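Subject: Handing over the two-chain model

Hello,

Here is the structure we talked about. Please open it first, then read my notes below.

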Amino acid sequence: MIGRLLGEAGTRARIALGLAALVLLAAPAMVDDYLLTVLTQSLFFAYLGQSWNVMMGFAGLLSLGHAMFVGLGAYVAGALFVHFGLPPVIGLFPAMALAALVGAAIGFLGFRFSIQGVYFALLTIAFAEFIRILFDHFTWVGGSSGLFIPVDNRTVNDLVHLRGTPEMFYYLALGLSVAALALSRLLLAGRLGHRWLAIREDQEAAQALGIDVFRAKMAAVVLSAAMTSLGGVFYAFYFNNMFPEQIFNINLSIELLLGPIIGGLGTLIGPILGAFVLTPLSELLSALTERHALIGIKHFVYGLCVVLIVVFLPGGLWPWIARRLGLDRPPGDGT
Amino acid sequence: MLEVRDLDLYYGDAQALDRVSLTVDPGAIVAIVGANGAGKTSLIRAVAGMERPRHGSIRFKGRDIAGQPSHVVCDLGIGQVAEGRQVFPNLSVLENLEVGAMLPRARDRQDESLAEVMALFPRLAERRDQAAGTLSGGEQQMLAIGRCLMGKPELIMFDEPSLGLAPTVVQEVFRVIRRLNRQGLTVVLVEQNVALSLKLAARAYVLENGRVAISGTGADLLADDRVRRAYLGM
């Protein structure tokens with residue numbers, strides 16, 4: 001397994017990966033609570049970006065409604081816990097199942113009726129909005145006034161109920177991101193990943209080679225939706241509250257895809273790198289905003305980042321850095 | 001091996017194929033010639049399962065495949081090298097070839113196919129880790145052919161394989177086609193280079209406005225006055 005994961009990685013890449021792992025593992029011992037929060041949120045957004053990247057980066061399917069999967073994951077696991085005391089470690093299964101089902105519905109509509117490109121993206125927005133409005137009026141989970149997970153200040157870490165210290169949530173987010181990295185790597189090296197890349201590059205040509213385009217695209221949407229919803233479960237128990245207006249908002253859909261775009265679309269490390277650039281930046285800007293009352297500076301700077309990347313490094317930061325450091329290129333990442 | 005009967009294909013209301021029939025014997029090279037818009041590409045796409053014909057039958061090795069999706073058709077052993085080569089530009093040469101071997105019929109023999117393709121096209125072996133988009137036009141055409149061979153086809157359809165290539169490269173492509181045919185592959189060849197393809201073909205069909213206007217052996221058509229006037233400029 002480890003052998004396959006590192007299969008083609010060169011010595012330099014292994015050393016870089018090892019160093020990064022070491023720093024991330026040791027971080028909680030070295031930083032204060034505030035910085036730990038920033039790191040945890042960076043890892044959380046890295047994971048969401050990695051999940052989104054499966055659809056857009058690998059299979060070329062643009063989703064602008066991924067917040068719906070975050071929201072569905074959070075609400076299903078959250079509501080099952082609040083109403084029935086079902087621990088999230090079990091609740092995550094129905095959460096992922098529902099997200100996968102919604103993903104399958106979007107995929108089926110989109111791919112059966114050949115809704116492509118921008119129109120497919122619009123379809124994902126429409127679904128996200130529809131679900132947001134639905135939850136706004138869904139009083140069993142609090143409607144528009146939100147759902148709250150009871151907070152108890154435990155000092156013991158309880159992974160079953162996801163109650164515990166900030167360190168526990170940090171390592172949990174790290175685990176999610178590392179798992180997503182491993183999964184992405186295995187997928188890309190495998191047949192399904194090759195099918196996705198072929199479809200992303202040229203769907204007609206992929207079809208002409210006998211690739212079942214419908215099936216491969218469905219797999220991408222379903223998998224990406226399920227992965228994203230797991231991030232939603234984390235969201236619910238980390239922030240302890242959720243509002244339809246926030247968690248299903250297109251702002252979240254956009255924010256989670258900026259990481260992969262800035263870090264490098266379709267690459268394995270790009271979404272992680274992008275999140276570690278953007279989330280701390282956003283925190284820094286929030287601090288500035290408070291001090292100097294610069295409302296909206298965050299969105300301005302985010303926009304500027306995207307423009308700079310698109311103009312100067314359209315492939316994103318990671319391929320550029322990887323080339324500089326002499327690291328190997330991931331599959332499908334043409335130079 | 002391939003038997004097309006009375007095939008009608010429409011794009012919306014526009015008729016692309018009108019009662020087209022043709023026969024391809026095992027091991028043969030069959031040429032399909034005709035002007036732009038005569039329906040050559042439509043015919044290939046219909047056989048490949050990428051368009052759904054309205055009427056008619058397409059039998060391959062005795063089985064009706066009309067209207068079957070392309071992944072089913074490909075897995076029965078029909079391959080195609082589409083017009084304009086369509087390599088995956090950001091994938092490496094090797095990755096392009098690997099994608100060609102996704103079919104269930106070809107999966108288990110991927111390594112063996114890869115060795116064969118690399119032996120057939122040593123240039124591809126030299127450039128195996130290079131992005132396909134950086135190859136020359138001729139190399140891309142070789143890659144497109146090699147990628148198709150990775151799927152272990154028994155019948156391979158070429159759509160304008162010489163389009164946009166330098167004359168020496170065209171010669172090379174035709175040499176490869178002849179060689180593959182000698183190794184037992186059945187070939188359907190759609191070409192604008194009428195003289196070259198008729199010389200190669202056992203049977204040939206001239207399509208005009210979606211209909212088969214003339215058919216016969218390659219030699220017959222080369223001698224046919226109408227063909228000489230319309231397609232060979234004599």
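The centres of domain 1 and domain 2 of chain B, taken over C-alpha atoms, lie 25 Å apart. Domain 1 of chain B covers 1-77 + 155-167 + 185-234, and domain 2 of chain B covers 87-153; such bounds come from an automatic or database domain assignment. Twelve residues from domain 1 of chain B and ten residues from domain 2 of chain B make the contact (heavy atoms within 4.5 Å).

A word on the basis. This is a predicted model: local features need pLDDT of at least 70, side-chain atom pairs count only at pLDDT 80 or more, and totals for chains, interfaces and linings use all residues. Residues are numbered from 1 along each chain as its sequence is written, chains are lettered from A and ligands numbered from 1 in the order in which they are written, and side-chain values use heavy atoms, with hydrogens and water left out.

**Between the domains of chain B**

Domain 1 and domain 2 of chain B bury about 810 Å² between them. Buried area is the accessible area (1.4 Å probe) that two parts lose on being put together, summed over both. Carbon and sulfur atoms account for 69% of it. On the domain 1 side, B:D75, B:I156 and B:L165 supply 48% of the area buried against domain 2 of chain B, more than any other three residues.

Three residue pairs are in polar contact, both at pLDDT 80 or more. That term means a pair of N or O atoms within 3.5 Å; within protein, one must be able to donate a hydrogen and the other to accept it, and residues adjacent in sequence count only if both atoms are side-chain atoms.

**Between chain A and chain B**

Here 23 residues of chain A are in contact with 23 residues of chain B. The area buried between the chains is about 2,100 Å², with 56% from carbon and sulfur atoms. In chain A, A:H194, A:E201 and A:L209 lose the most area to chain B, together 30% of what that side buries.

The chains share one salt bridge. The side chains of A:E204 and B:R45 meet in it, at 2.8 Å, N to O. Five residue pairs are in polar contact between chain A and chain B, both at pLDDT 80 or more.

Best wishes

Methods:
Salt bridge = Lys/Arg side-chain N within 4 Å of Asp/Glu carboxyl O.
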